[in-house]
Amino acid sequence: MKREGEASRRGLWRRLVGPRRRLRLTREGQVFLAMTVGIGLAAINTGNNLLYLVLGWLLSLIVASGALSNATLRGVSVRRRVPTRIFAGRPFAMEIALENRKTRLASYSIEVEDLLDGRPLDKRCYFLKLPPGRTQSASYRHTFPRRGVYRLDGVRLITRFPFGLFSKSREVPGADEVLVYPAVRPVALPAPRSPRHGDASQTRLGRRGEFFGLREYRDGDDSRAIHWHSSARAGRLLLREMEEEAQRRVVIEIDNGVADLEDEAALEALEDAVASAASLVIAYLRRGYAVRVVARGLEVPWSAGPSHEHRLLRALALLAPVSPSVAMSGRVEPGAEMVRVGPRAPASGAARAAEAG
Amino acid sequence: MRFGLAHKLTTYLAVAFAYLVLVLSDELSLGPVLLCLVGVAISWWWDPPRVDLERWSWLFTGLALAAFGYSGLSFLTGGDLVITGAQLLLFLLVAKLFGRRTSRDYLQVYVLSFLMVVAATALNGEVSFGLFFLGYVLASTWALILLTLRRDMEEHGHVPHLAPGDDGGAAPGRAAGVADMRGPAPARLLGSRRLVGPRFFAGTGAVSLVIFAGASLLFLFIPRIGFGLFFSNARSGVNMAGFSDGVKLGGHGVIKDDDTVVMRVEIGPPFSGRDAPYLHWRGVAYDEYTKGEWRRSHHAPSTAKRVSVSGNVVTHHLLYDRGQLEGDELGAHAPDLDGAARQEIYLEPLGYDVLFGASMPAAFRVAANYRERPRDERNDEIRRAHTTGIKYTVFSRPSPPDAALLRRAPRVLPPGYDVYLQLPPEITQRVRDLAARVVRGAASDYDKAKALETYLQETLTYTLEMESPRGREPIDHFLFERRKGHCEYFSSAMTVMLRSVGVPARNVNGFLGGEWNEYDDYVAVRAGDAHSWVEVYFAGAGWVTFDPTPGTSSDGLGRGGSGVMDRLRRLADTVRFKWFKWVIEYDLERQVGMFKSVADLFRGGAGSSVGSRWRGVRQWMSDHRGPVAAVVGGAAAIGAALFAWRRRRRRRADEPSPRARRSRDPVATAYLAALRGLARRGWARPPSATPREHARALARDRAPGAAELGALTELYYAAEYGEPSDEAARQRARDLAGAIDRALRDARHQQRWSRWRPRGRSRAAGQAPRASG
C-alpha cells in the first residue's frame, strides 16, 4: 500500500512537472556560466550593485531558458512512419511527424533523434518552427548494416531554444520493430535447365497478365494492382490477381548450417549467402517464377507475386544459423529449377548446384 | 519582417543600448565615442553581397590590432584600466560589426556588447544605466533567440536529409514527400517572412520583461556580502565650491539658481511636509579668517566624539566642548539620542568628504569601513570619503536651548577654543567700532549675538550680484560701502563682529532648507540651497546657530510651486532618488529591512506598514461588498466574453478567409478550378490523398484530363511551395485547366452518346467515370 501511495505521488508529481528531461550544457552555455561566475565574484568583491543587477539578469536568463525550453518540448507528440521495405546496407528514409498540441505557443528549433536499443541513431531530424496545433514531417536517412529485427525504443526531442545555452532533451516512448531484409545486389540468374521451362504455360491459367480473380489487399502488395472499382463497391481494398506462371518454378536452397557459432568467418559467409538468396528471390519473382525457399529448419512453400516476395524476404531476414546436423527441410521437387546457395558456395553466392528429379 | 533583417535589427538595437549605457557615463573621450558611432552606423550597410567581406577582413583585423596596441600604450602610460578597456571594447565592436557573416560573428558581437555593459557598471551609476539596461535586456533577448535559430539553421540547413532524386529505399508513395522535407537552405530562410512576426516579437518581448523582473527580484535577494576589496566605482557628482578647507569671500560664482539635487533627506514631523520650517544642514565650520578667506586652521580643536560600533554600523557621538572630559565625568554627559530628530541622508558625491546634518547634530551613524584611514576632523565636523554618494543617519537637536539658559551662560572657554576669537589685523577699526556700537547695552553674549544678527538682517540688503572690493578688506567694504551681499558676507561680518566684541563664534557652510517632495516624502536639497551662517559658543549649552542673512526663513519647504512642470521635476527627482536608494546604495541593512517587511506582510504584523495597508484594504472591501461584487462580476463577464470572442476568432482563423482565397496565386486558382470540375464529374480528391497522389490515381484510372492534371499539379506545387509563378506558368496553367475542362465535357458527351449505342460497343468505349456524389 505504501509503495502504491509513493507511486501515485510520483505519478502526480510527474503529471505536474511533466516528463523527465535531461539537461546538457552547450559550449556557449559553458562560457556563459563562466561569465556568470566571474560577474558574481566581481560583484561580491567590489560591492558594486550594478554588477549585482547584471548578475541577476544572467541568473534570470538561465531560469527563463529552462522555462522556455520546457514550453518548447511540452505538448509535442511524435509519430514515426517506418518504410515497408528496408534492406541491409541500403539507405532508407525514416519519416518523423511532429505534432504541436499546444493551442497558443509555437515550438522552435527541435531536433528529433531515434533511439535504437536506448542509443541515438547517427542522424537527426530538425524542425525549425512548429506552429500551434500543426503537424510537420521530416525524415532522416539511415542504413542498417545487417538484416534482422531492430527495436526502435522511442525518440528523443532535443532543443537548444531559446538562448542556446543548454541542450534540453525529453524522451518520448514509442517502440517500433523494424524488420531489415537481407542486403540485395544485382545478380545474374543461372541459365534455365531446359528451354521447356519458362515457356510452356499451363493451359488452365494462361499467360501472366491475364485476370485471374480478386483478393483482399495485403501489406506489401503492389498498389498498382488494386482494383479501384471493386474496392469502392466492397468498401475495402481489393487486388487484381493475375495468373500464376506456375510452370516456372525454382527452389532456392540455402545452407544455414554453421558448426561453430563463434566462427566469425562462417557467419559472415552465411550472411553473404543469405544476401545472395534474397537477391535471387527478388530476381526470380520479378521474372514471374514461383519460388520456394528451403533451408535447415525452414521451408517457405511455392508461390509468386509481391506478397510472396515479402514472405520470402521476411523468412530470409530472420533465418538463423543452425547446426549442420539439422536436416534440410522440404522434399525434392521434380521438374523445378534448383539453386543452392550456402557458405560453402562460391563468393558470388549463387550457383546452380543441382537439378532435382 | 524577414528573419535576416529582424536578427540584424535586434543585434544593432542591443549594440545601441550597450553603447548608450557606456557612453552616457561621460567618462570616455569624445574621439573614440564619435568614431564608434560613425563606425556602427556605416557597418549597417556593410553586408554581403553588397560587400565582399573576405576582401576587406585584413583591414579590420589590422584596425583591431592597432586598437589593442593603442589601448595597451594608454594603460601603460597611466590611463585608467576601466576607461581604456571600455574604449578598446568600442573599437573591437566596430571591427566585429564590419565582419559579421555567420552566427559565430554575431555571438562575438553580443559578448563584446555585454562586456561594454559590464564596464558601464563601473563608470555609469546614473538612472540612465537602468533605463538603457532595460532596453539592452529587451533587445538582447530577441537577438539571442534569433541567434539560436540562425545557428541551428546553419547547422541543419546545409545538410539535406536526402539527396534529390534518391528515395533511399523508401516506399515510392512517400519518396516525393521526403524530398520536400530536405533541410532548409539558410539563405532562403534568412529571407523568410514566416519565421518571426509581430506575435513573435510581442511574445519574446514579454519574456524579456519577465526576465528583467526576475533580474530585479534576484538583485534584491542576492545576499549583499560585498567587501569592495580592490575596486570602487565612481559616480559623477556635483561640482560645487564652498566646502573645501579654505573659502574666499566672493571667490566663487552664483550657485543660487543651480537646481542639481545634492542631498535627499528623509525626516519625520515636525520637519517634514511642505509647511515644515527650514533647517540648517551643517557641513564645514571655519575658525580662521585672514585676508578675506575663511580657513580650517590646524589649531582648530579636533572634533570631539565618542565612537560606538554595532555590527556593521558605526555611530559617532559628537561631544563638542565636553571632549576634554574623561571617565566618570563624561559618563554624566553620556550621549542621549532620545528625542533627537532622525534624518536618513542620501548624499550625492560632491567632491568633499564632509557629511551634512541638521544643526546641531548629536550623532552620525554610518556603515563601517575598516579600511578607511582616519580623517582630519575639526570644528565638530564628521568626514567620510565617498565617490559614489553615501547614505547615513544623523540625529540632531534643531531647536536651540532656551534663551534664558543662554543668557546665563558663563564666559568660560574650553582649552583650544580661543581660536574662535581669532581676528586678523586687517579688520578695520570702524568694523570693530560698529560691532561695539551695535552690542552696546547687551548684557550677555546671547543678547550681543541677537543684536548683531538683527542689525545685519535689518540694515543690509541681500543680493547675488558680485562686486570686487577693489583691494579693500571685504567685510569692511560690505558693511560700509556696498552694504549688500550674499550669505557669506552676512555670516562673515557677524562672526568677525562677534569676535571683535569677545564672543567666540565660527563661520559655517552648508545648505539651508530644501524642497519637500510629496511623491516620496523627502527633502530635496539642491546646490542652489548652499548657505553660510554663524555658530556662537555658550559655555554649558554648546554651539548655537544664528543666521544674519535677511529673508532666509520666509519660504519653508513648500517652495518650488505646484505647477505641472514643478511636479514633473519633483517626480523625475523621485525616480533618481529611488534609483540611488534601491539600486546604487542598496545594502545589507536595507536588504534585512526588506526581508522583515515581507515577513511582516505574511504575518500581518502590527509593525508592518504593508500589513496595515492590506488590513485597510480588506476592511474597505468588507464595507463595500455590493460595489466590489458588481465590479468583480462585471470583470468576470467581460473576461468570459473576451475569451469566447478570442476562441471564435481563432476558429475562424483556421479557415482561409475569402480574401485569402482571392489572393491565391493564379496557378493555384486554375488548379482548384480544375479540381472542382473533376469533382463534379465524380473524380473528387479524397481527403487522404495529396494532389500528386490524386493525379497519379486519375492517370491510373485513365480519367479524362488526367495527363493534363498531372502537369497542372506540378505547376501548382511549384507555385504554392516554391517561388511565385511567372506569366508563362500562369498561361500554361490556364491552358491545362481549359484542356481538363474540355476533356471532361468530351467524356460526358461520349457517355451520353454511349447510352444510345449497342451494349457491346459501349463496353469497348473504355472505362466509364465513377458515379458522381
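Ground rules. I am working with a predicted model, in which local features need pLDDT of at least 70, side-chain atom pairs count only at pLDDT 80 or more, and totals for chains, interfaces and linings use all residues. Residues are numbered from 1 along each chain as its sequence is written, while chains are lettered from A and ligands numbered from 1 in the order in which they are written.

Entry on H2(A). I took helices (H or I, at least four residues) and strands (E, at least two) as DSSP runs, numbered from the N terminus. Helix H2 of chain A covers residues 27-46, which is 20 residues. From first C-alpha to last it reaches 29 Å, close to the 28 Å expected at 1.5 Å a residue; the expected span is 1.5 Å times one less than the number of residues. I then listed its buried residues: Glu28(A), Phe32(A), Ile39(A), Ala43(A), Ile44(A) and Thr46(A). Buried means 20 or more other C-beta atoms within 10 Å of the residue's own, exposed means 12 or fewer, and partly exposed is in between, with C-beta atoms placed from the backbone. These buried residues pack against helix H3 (49-73) of chain A together with helix H5 (103-123) of chain B; contact means C-beta atoms, placed from the backbone, within 7 Å.

Entry on H12(B) and H15(B). Helix H12 (residues 429-439) and helix H15 (residues 487-500) of chain B pack at about 80°, with axes 9 Å apart. The pair is therefore roughly perpendicular, a label for angles of 65 to 115 degrees. From H12(B) the contact uses Val431(B), Arg432(B), Leu434(B) and Ala435(B), and from H15(B) it uses Val496(B), Met497(B) and Ser500(B).

Entry on cis peptides. I found Pro269(B) joined to Pro270(B) by a cis bond, omega about 5°. Pro270(B) sits in the loop between strands E2 (261-267) and E3 (280-286) of chain B. The bond from Ser359(B) to Met360(B) is also cis, with omega near -15°. Met360(B) is in the loop between strands E9 (357-358) and E10 (361-367) of chain B.

Entry on positive phi outside glycine. Asp26(B) has phi near 65° and lies in the loop between helices H1 (3-23) and H2 (30-43) of chain B. Asp26(B) is exposed, with 11 other C-beta atoms within 10 Å. For Lys291(B), phi is near 50°; its loop runs between strands E4 (288-290) and E5 (293-295) of chain B. Lys291(B) counts as exposed, with 10 C-beta neighbours inside 10 Å.

How values were computed. Axes are lines fitted to C-alpha atoms, for helices over the stretch in contact, and angles run from 0 to 180 degrees between N-to-C directions. Angles under 35 degrees count as roughly parallel, over 145 as roughly antiparallel, 65 to 115 as roughly perpendicular and the rest as oblique. Two residues are in contact if their C-beta atoms, placed from the backbone, lie within 7 Å.
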